[in-house]
Amino acid sequence: MNQILSTILNAEFGYSVLRVTTPILFATLGALISDKAGVINIALEGIMLISALTGVIFSAISGSAWFGLLMAVIFGGFVALALGYFSLNLKTDIILAGVALNMIASGGTIFVLYLVAGDKGISASLASQVLPKINIPLLKSIPVLGPIFSGHNVLTYMAFLMVFVVWFFLYKTPIGLRIRAVGENENAADSVGISVVKIRYTALVLSGMMAGFGGAYMSMGYVSWFSRDMTAGRGFIALAAEAMGGATPVGGMLTSLLFGFFDALSNSLQILKIPYEFVSMLPYVVVVIGLVIYTIRKTEQAKRIQERAAMNVSEEIAALSAGSSGEKS
Amino acid sequence: MFKSLKLFELGRIVIAIVIALALAMVIIFFNSDMPGEALKSFLLGPLDSLRHIGNVLELMIPLIFCGLSVSIMFSAAQFNLGAEGGFFFGAIGASFLAVNWNLPPVIHPFIAILWGGAIGAVFCGIPGLLKIKWGASELVSSLMFNYIAFFFGLYLINYFLRDVNAGAMVSYPFGETAKLIKLIPKTKVHFGIFIAILMIFLSAVFIFRTRWGYRIRVIGKNIAFAEYSGINTANTILLSQLVGGFIAGMGGAVEVLGLYRRFTWQSLPGYGWTGVIVAILARNNPLYVPVAAFFLAYLSIGADIMSRQTDVPNEFVAIIQGVIIILVAAEAFLARQRHKLVVKEAMA
């Protein structure tokens, strides 16, 4: 127990929490944007994978990590656009279309990896680039805080910045308002002249671009290569994080951090004598527990609101009947 | 009227498959130095020897189990994707009995398969339970449980069943009595294919000829209607997930007892995901499951043979499978033609 505490209570651990939270946070924000428009983007997992490979390939070709990032984000948007076409135009169930895209991503990335790198496992033979780390001038010399918050990959800072950007976008811009309107009640939105399909396309593409950032981080920041199925369920975890975060940007950030915490814990506990399989299981178990606690709280809340409403109604009826009986007498 | 619509549905699936295969050809032509040869081994390779035909039949067995499992779970309109983990866990459960117990031949695999099924049922039942009890999304929780099943399963194998003298991370060898007999010489086709056929009929009877199956289908069509007509929807949903999980777990048990001498998997086998495609192609109808399973097994073995004989990696099959799912599940794909047909039938 002491050993666990000493692993958690040091600056290095804090640093690694932020490091592993980054891809989950990007994907969670992606899940949030599409959920606000009333569509479930289960393809986040596959999009991250495709973007991770895209980043590696284009950064290797051009020699520029930034170009790799750009292409990763664009590809992420394109795959989400395809998901939109399948679900909105061809009317494929969006969950099945997502399953299909994830399948295509898993096999397709290995296929492409083999064609460009000659290997089915890892992109070691490609000279891909890594996005820079940033040392924050004043902060880095402060003890404890410095080692935790300074020296991260540029995308880590961007992920947390994105929380604010997404919040601003969803709650303070006209298009954000439309996205939320479509998600709340598509018929009402439609009746005031909002094109539901167009808004959903927009939301999906933005959500795919978020996953694109997350994927690029996986292969050009978290590690410096692409390996098969390297996202390991982070896109799925993001769906749970988004739901648990109460479908708000800040809530999503907090739950992402929670999952990041357990992910980092599982990384550092591997040194201890706990079986590694147990430790690797930890983040997924936490997600399930978190999801259940969240839904229990939500159903209880709904119940309370209903009860209160029912009580109000019965009071009103009582008042009405009292009033009418008063008139009679 | 229904008959011609059914024919149209079949035609639609065929067209989707043709489009996907055309895409496959394009991919092969662009990526291979010897496209003719690659195409030939992809399309005809599975038929060119008894061994390859055997490969297709071997692969059909797990696909039938997973396809039936997903069909039954999806019939209640539950997107439980736990067949993958249920299959894996069923295989591990059966491995324990195969290594540790001593039973007479026939009875040994019988018990081991039922045990694998029971484990699979519990595994797929949990997301169902979380759904009916608190409304937790079965989609997300079953995806998480697949990872949990994987790591927990590896833990069980490595700490309780691992043969330290074997070099690799594998279990102790299975008892001879536990293995399923091989049916065709020179192939690995095993008795499991009969169990799979039996399960097809049992699943069809369950879904179409029992009150539980009827309730499951009503819930799948319209849960509000089911609720109002007095069906206990929570219990019925749970039942469908338990039955689906049971079949997936059986499939895992049959797979290891039929094909392997020890438990050797170091990653999830992926049959649960292919099972989703099987179920979609079969429209959740157990009787169509073997046809879909045969088709997908044929594709997959064709791609394996091609990647062995030529320079095209077999992973491109995943691309074709994905395209097939999307087109077959797409309501609007050829909807105008369907509409015309309906109008014509109505006028006649």
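How many residues from chain B and from chain A does the contact take? The contact takes 39 residues from chain B and 41 from chain A, where two residues are in contact if their C-beta atoms, placed from the backbone, lie within 7 Å.

This is a predicted model, in which local features need pLDDT of at least 70, side-chain atom pairs count only at pLDDT 80 or more, and totals for chains, interfaces and linings use all residues. Residues are numbered from 1 along each chain as its sequence is written, while chains are lettered from A and ligands numbered from 1 in the order in which they are written.

**Stop 1: the side of chain B that touches chain A**

Select α5 (107-134), α6 (138-161), α11 (271-281) and α13 (316-329) of chain B; each supplies at least two residues of the side that touches chain A. Helices (H or I, at least four residues) and strands (E, at least two) are DSSP runs, numbered from the N terminus. Coloured by class, the side of chain B that touches chain A shows 30 nonpolar, seven polar and two charged residues. Here Ala, Val, Leu, Ile, Met, Phe, Trp, Tyr, Cys and Pro count as nonpolar, Asp, Glu, Lys and Arg as charged, and the others, Gly among them, as polar.

**Stop 2: chain A as a whole**

Next, display chain A, whose secondary structure comes to 13 helices and two strands. Its C-alpha atoms fill a box of roughly 95 × 55 × 40 Å, taken along the principal axes. Of the 329 residues of chain A, 48% count as buried; a residue is buried if 20 or more other C-beta atoms lie within 10 Å of its own, exposed if 12 or fewer, and partly exposed in between, with C-beta atoms placed from the backbone. Among contacts in chain A with a separation of 6 or more, 74% join residues 24 or more positions apart.

**Stop 3: a pair of helices in chain A**

Select residues 11-36 (α2) and 196-222 (α10) of chain A. These helices pack at an angle of about 175°, with their axes 8 Å apart. Axes are lines fitted to C-alpha atoms, for helices over the stretch in contact, and angles run from 0 to 180 degrees between N-to-C directions. Residues to pick out include A:Phe26, A:Leu29 and A:Ile33 in α2(A), and A:Leu206, A:Met210 and A:Phe213 in α10(A). The residues of this contact divide into 15 nonpolar, six polar and one charged.

**Stop 4**

Now select residues 94-117 of chain A. This helix, α5(A), has 24 residues and reaches 33 Å from its first C-alpha to its last, close to the 34 Å expected at 1.5 Å a residue; the expected span is 1.5 Å times one less than the number of residues. Is α5(A) mostly covered or mostly uncovered? It is mostly covered, with 20 of its 24 residues buried. Just after α5(A), A:Gly118 takes a positive phi of about 70°.

Continue to A:Ile122, in the loop between α5 and β1 (133-134) of chain A. A:Ile122 is partly exposed because 15 other C-beta atoms lie within 10 Å. Leaving aside neighbours within four places in sequence, A:Ile122 is in contact with A:Trp225 and A:Ser227.

**Stop 5: the loop between α11 and α12 of chain A**

Select A:Ala247, found in the loop between α11 and α12 of chain A. A:Ala247 has a positive phi of about 55° although it is not a glycine. A:Thr248 is found in the loop between α11 (234-244) and α12 (249-269) too. A:Thr248 and A:Leu170 are 78 residues apart in sequence and 9.6 Å apart in space, C-alpha to C-alpha.

**Stop 6**

Finally, select B:Phe65, B:Met144 and B:Val278, the residues with the most contacts inside the largest nonpolar core, which has 220 residues. A nonpolar core is a set of buried Ala, Val, Leu, Ile, Met, Phe, Trp, Tyr and Cys residues joined through C-beta atoms within 7 Å. Not counting residues up to four places away in sequence, B:Phe65 touches residues including B:Met199, B:Ile247 and B:Val254.

End at B:Arg283, in the loop between α11 and α12 (289-309) of chain B. B:Arg283 has a positive phi of about 55° although it is not a glycine.
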